[in-house]
Amino acid sequence: MFKTDIAFKTDINKGFLPFITAFMVFLASITFATALIGNNLANDWNTHMSNNITIQVLPDMKSKNPQKEIEERIKNITKILQQTPGIKSHYAMNLKETVELLKPWIGDFINNEIDIPLPRIITVETSNIIPVNMRALNDEIKNYSSLIKLETYETWMYEFKKTLSAVQTLLGIIIILILSTTAITISYATKSGLNINKKVINIMHMVGATNKYITNQFSRQMMKLSISGGIVGYMFSCFTIFLIKTFSKDLNDGIIANFQFSSYIYLYILIIPILAGIISKTSATLTIKKELKKMV
Amino acid sequence: MSKGSIDTTKPIISLQNVGLRYNGGPEVLKDINLEIKAGEFYFLTGASGAGKTSLLKLMHLAHRPSRGKVKIFGHDLDYMKPDEMATIRRKIGIVFQDYHLLDHLSVMDNISLPLRISGRNEKYIHKHVPELIEWVGLKNFINTKPKSLSGGQQQRVAIARAVINNPEILIADEPTGNVDEDMAKKLLFLFLELNKMGTTIIIATHSTNLIKQFRFPVLHLKDGYLTKE
């Protein structure tokens, strides 16, 4: 504990400042955590999807035996894939699996025996080490048959990343706004603190205190108050993230299967109260220096 | 507490053709010319409202003159930077008429203030301050806040604060106004001891008894003009 000559105990800032800092740190931490979760999600999807290709084998509606022809095409495509460098594995869904997959849309009435020409899917996993020449593979498939389509997730991921990047920029702006508001609030709180302690400061000047001495006492106090508020805000945000994490476990199926975040997020958002402390000290110091110049 | 070798030939307080007015009002101090050398002892007298407090405020740099020059320790107030002003103020002990104690601090912390500001460590403070507190008769009030003290006790705290840092100049505005005669004499003897060790002393007082008893030169203010007796 540092010894202080200024009457902080009677200062209204003592209650107000930690509260407002706690609130600001909470908002900024949650915003920052959202940006981090978005980033993790994009990275997970990117890693997962960039190694996956889907090949759609369509039926020829004019054919007398489309099902048989599809099986023939799948066999040939499989051969092409086996000869393509960088293909790690591939799996052609059989008719039964395709029927199961389409049941939610088509209904229960179809079965394996019904001769409805259904498209078939081949899922392909590519190697992380050997890159696949997608253009060459696509050309080869097109040359073989116009009823076979190769689909990568690049376009979808590109759009997703573009949107995510815009959202993250927006979140970044929100964090800057929150921290700027904190700095302005600290500045006004400091001014009010200086006004409350005007008589004390005047006496301190009279007995030889330098502006630096008074500034140090004030800014240390402001930093102490904002750090205590920052810790409370941080703890609340950790608790909120923990709750979100706990309740989101039920959502871990389907499209948001990757909606998981590591415990490191609690460490990452620790930067927010630290940043708030630095901003508070800087803002308080600048304000005090400016105000004291007027008082001397 | 010795001040070492003191140059008693050069003035440490110098006021040349000084005039002072507040907010464009009439001059409260007029054509003040004064030179005080190191180690001198002066009483400052004058009727209420004659400008004694204003003159003392000029001497400890609480006000700037409306005209004329003020030099303390040879430093011209017109060219003084804030940090230089603070350094000079640390060499001046000041006893304010209304004490100017910090209400939220104890007697101990009020008296320690100039030492803390000068960068003295807590060990030094806890060795020297209680001694002085005992000397001014406030041993039992060491942790008391000023508001719980009588006027005379507050005055003694203010005096202790002014002398704790062994100042080169001691400026006191009615320092014995609220204490009994015995304590007044005791405090005057303290000032006398300080003066013997080289501290320059200027005391504003109404007490003719003290002036007669101690027989130091008197600066007299009347209608804003200063005369030396």
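Guide: First, a definition: a residue counts as buried if 20 or more other C-beta atoms lie within 10 Å of its own. Please also note that this is a predicted model.

Visitor: Then which side chains of strand β9 of chain B are buried?

Guide: In β9 (residues 218-222) of chain B the side chains alternate.

Visitor: What does β9(B) pair with in the parallel sense?

Guide: Its parallel partner is strand β3 (residues 41-46) of chain B, over four bridges. There, L44(B) stands opposite L219(B). β9(B) is also joined by four bridges to strand β10 (residues 225-228) of chain B, and these two run antiparallel. In β10(B), K228(B) is the bridge partner of L219(B).

Visitor: And how many residues lie between the strands in the hairpin of β9(B) and β10(B)?

Guide: Two residues lie between them, and in this hairpin D223(B) takes a positive phi near 55°.

Visitor: Another topic: in what order do the strands of the four-stranded open sheet in chain B come?

Guide: The order is β2-β1-β4-β5 (chain B), with antiparallel pairing. β2 (27-37) and β5 (75-76) of chain B each have a single partner strand, so they stand at the edges and one side of each is left without a neighbour in the sheet. Seven bridges join β1 (residues 11-21) of chain B to β2(B), and I13(B) has I36(B) as its bridge partner in β2(B).

Visitor: Which helix packs on that sheet?

Guide: Helix α1 (residues 52-59) of chain B does, touching β1, β2 and β4 (67-72) of chain B. The direction of α1(B) makes about 130° with that of β1(B).

Visitor: How many residues of α1(B) are buried?

Guide: Eight of its eight residues are buried, among them L55(B), L56(B) and L58(B), and also K52(B) and K57(B). Just after α1(B), L61(B) takes a positive phi of about 65°.

Visitor: Now the contact of chains A and B: how many residues does each chain give?

Guide: Chain A gives 16 residues and chain B gives 16 residues. On the side of chain A, α6 (198-206) and α7 (211-248) each supply at least two residues, and α6(A) has the largest share with four. By class, this side of chain A has nine nonpolar, four polar and three charged residues.

Visitor: Lastly, what are the domains of chain A?

Guide: The domain assignment gives domain 1 (8-47 + 157-295) and domain 2 (51-152). The C-alpha centres of these domains of chain A lie 53 Å apart.

Notes
Residues numbered from 1 in each chain as written. Chains lettered and ligands numbered in written order. Predicted model: local features only at pLDDT ≥ 70, side-chain atom pairs only at ≥ 80, totals over all residues. Domains from an automatic or database assignment. Pairing = 2+ DSSP bridges. Contact = placed C-beta atoms within 7 Å. Axes fitted to C-alpha atoms, helices over the stretch in contact; angles between N-to-C directions. Nonpolar A, V, L, I, M, F, W, Y, C, P; charged D, E, K, R; others polar. Buried ≥ 20, exposed ≤ 12 C-beta atoms within 10 Å, placed from the backbone.
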